[in-house]
Amino acid sequence: MKNPSLKLYAVAYLIFLYAPIALLPLFAFNDSKVIAFPLAGFTTNWFAEMWADQQLFKAFGNSLLIAVCASVLATTLGIFAARASTRYKFPGKAGILGLIMLPMVLPEMIVSMALLVVLIAIGVPLSIFTIILGHVLICTPFAVAILTSAFQSLDRSLEEAAYDLGETPASTFRLIILPLVMPGIISSLLICFTISLDEFIIAYFLGGNQTVLSVYIFGQFRFPAKVPAVMALGFVLVCISICLLTIAEYFRRRGIAKTGGKDTGGFL
Amino acid sequence: MTFSAEKTNMIEFRDVHKYYGDYHALRGINATIKAGEFFSLLGPSGCGKTTLLRTIAGFEDISSGAVLIDGKDMANVPANIRPTNMVFQSYAIFPHLTVEENVGFGLRKDPRSKDEKARAVAEALEMVGLKGYGKRAAHALSGGQRQRVALARALILKPKVLLLDEPLSALDKKMREQMQVELIKLQRQVGITFILVTHDQEEALVMSDRIAVMFEGQIAQLADPETLYRRPASKKVADFIGTMNFLPAQVISDSGATVEIDAAGFGRMSLSPDQVMRGDSEGGPTIGLRPETLTILFDGQTASDREVFGTVEEVVYYGDMTYYDVSLPGAPEPMRLSMRNVPGRPVLDRGAQARLGWSPGAVVLFR
């Protein structure tokens, strides 16, 4: 950082990254229907309007349900895959893992179109359930990636020691492996939750008549009068995200302190 | 170092083979380990000693043969039921538990009351010298302390056999020597059969009642430390355990009762049958002499047995000991010998003439 222009670049980059988010609370509390400067005055009306919007609550509820189901399912699948890939040797392992990781780089558009065609062809009605299916598909690679690194750092002799001391493979998993990979599991749940919550294309394609938050917000932008309430909603979501990240980071650091590991600084 | 005949066999290997794919890791192991014995599996890395230990614990299946513990065939007996416990090379201390929880881990299914279990844990910790450490976080312990926790955790279950997989290799020299003594004492105290895997010959000699030296998946020699050192069964064993000088020899006569040989540098001698190691004929008949069986004789000293003359080629001074390389006329390589530095005994310089005392009784012949 000796070069002043580099410093300038870094600052400009951070402003570019966070200034739009900083505008959210600004306009969420601004007493004007128009999103523009100068600010007109302080109001909490937009929050009241948001609070009164039944459709929004429905969409939010749907999103929450989908995100919780998708993250739990994807993380569970991820645990199995990560365990298998770090502990066992079997034919076709590299190929299978490659196929699991593929949706990470596959355009979501293709995934959702393919899913839509298949679901309609076999006659599954579009619903929250079908969105969950789609989200599990795209979240699982992230879960596998996060959990594989957690399982990899596990000393194999810990398992053998527990087994040697009389535990069964199942109780060894519960008493030793699970607590030690817990930070990884929490990370995976959180990432999958976030991916699912703000996912748009699959939710839009596979939702049928069920609306989720991202699709709802996008729809609201068609009505200029609704935009300030969306800003208020955005502000609430930012606050929730910060809370969740703080909680996750707290657990991660506590996990590291408890097992005496070195903090690598990274959230994942 | 003695064990009486009435002691029962604790472990029995019957023609144990282990393949990893095409790799033949264990090649027909036959051995018995007595109850209450401190037994070591010694060999270089990759010789199969850890694999053999893990077949006792139940972590490795065997390809053919049988492993018996206390007379029972262990085929189809999983590791969590076997009457063995293991101290791992990495100690495998559960990092998310306290010292107490680690030591008491194996008591989870024990029907005893909570208080009794706590007492057992406290006793185990006291036994390994960690009294009062129970509430500490396991990850905050030093290497030596982890070692002790691993020992306490394994011994609290009162196993028939304690398996130790290179338990001291991660410790520094001083700590290692201290732990060696403590392990011997502990073994005498609890009377449990200890089986130690090590690549450190000194460690094996110091600690064991008996040692199995392994090379390439086979037991090369199974004997007590003294026999192993004084009468190694092959040049390879002799070379792995301590230092040995090798010289070519010619067999003049072999009556069975005595073997007459002519060895380079040392001349003719007759050896008794227990000094003759048969089955290692590679490179022709060879004699072996340990460095401390050769003595430099100073003025006025007479040899108790025989003498040869040589020239000092190299002097290495170690404080308590001096190592010399002495070349003998007729011997292809100089002899390594060691002398204790006692008061009044000079240290010879390079190039000096040396008179060496030796005894045919210290010689082994490989043929």
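Trainee: Which residues does B:His199 touch, not counting residues up to four places away in sequence?

Mentor: The model is a predicted one. In it, B:His199 lies in the loop between β8 (193-198) and α6 (201-207) of chain B. Leaving aside residues up to four places away in sequence, the residues that B:His199 touches are B:Gly43, B:Pro44 and B:Ser45.

Trainee: Does B:His199 count as buried, partly exposed or exposed, and what is the reason?

Mentor: A residue is buried with 20 or more other C-beta atoms within 10 Å of its own, and exposed with 12 or fewer. B:His199 has 18 C-beta neighbours inside 10 Å, and therefore counts as partly exposed.

Trainee: How are α7(A) and α8(A) oriented to each other?

Mentor: Helix α7 (residues 156-164) and helix α8 (residues 169-197) of chain A pack with their axes 9 Å apart, at an angle of about 125 degrees. An angle of 65 to 115 degrees would count as roughly perpendicular, and one over 145 as roughly antiparallel. The orientation of α7(A) and α8(A) is therefore oblique.

Trainee: Which element gives the most to the side of chain A that touches chain B?

Mentor: In total, 17 residues of chain A are in contact with 18 residues of chain B. The elements of chain A that give two or more residues to this side are α7, α8 and α11 (227-259). With 6 residues, the element that gives the most is α7(A).

Definitions and conventions:
Residues numbered from 1 in each chain as written. Chains lettered and ligands numbered in written order. Predicted model: local features only at pLDDT ≥ 70, side-chain atom pairs only at ≥ 80, totals over all residues. Axes fitted to C-alpha atoms, helices over the stretch in contact; angles between N-to-C directions. Helix = DSSP H or I, 4+ residues; strand = E, 2+ residues; numbered from the N terminus. Parallel < 35°, antiparallel > 145°, perpendicular 65-115°, else oblique. Contact = placed C-beta atoms within 7 Å.
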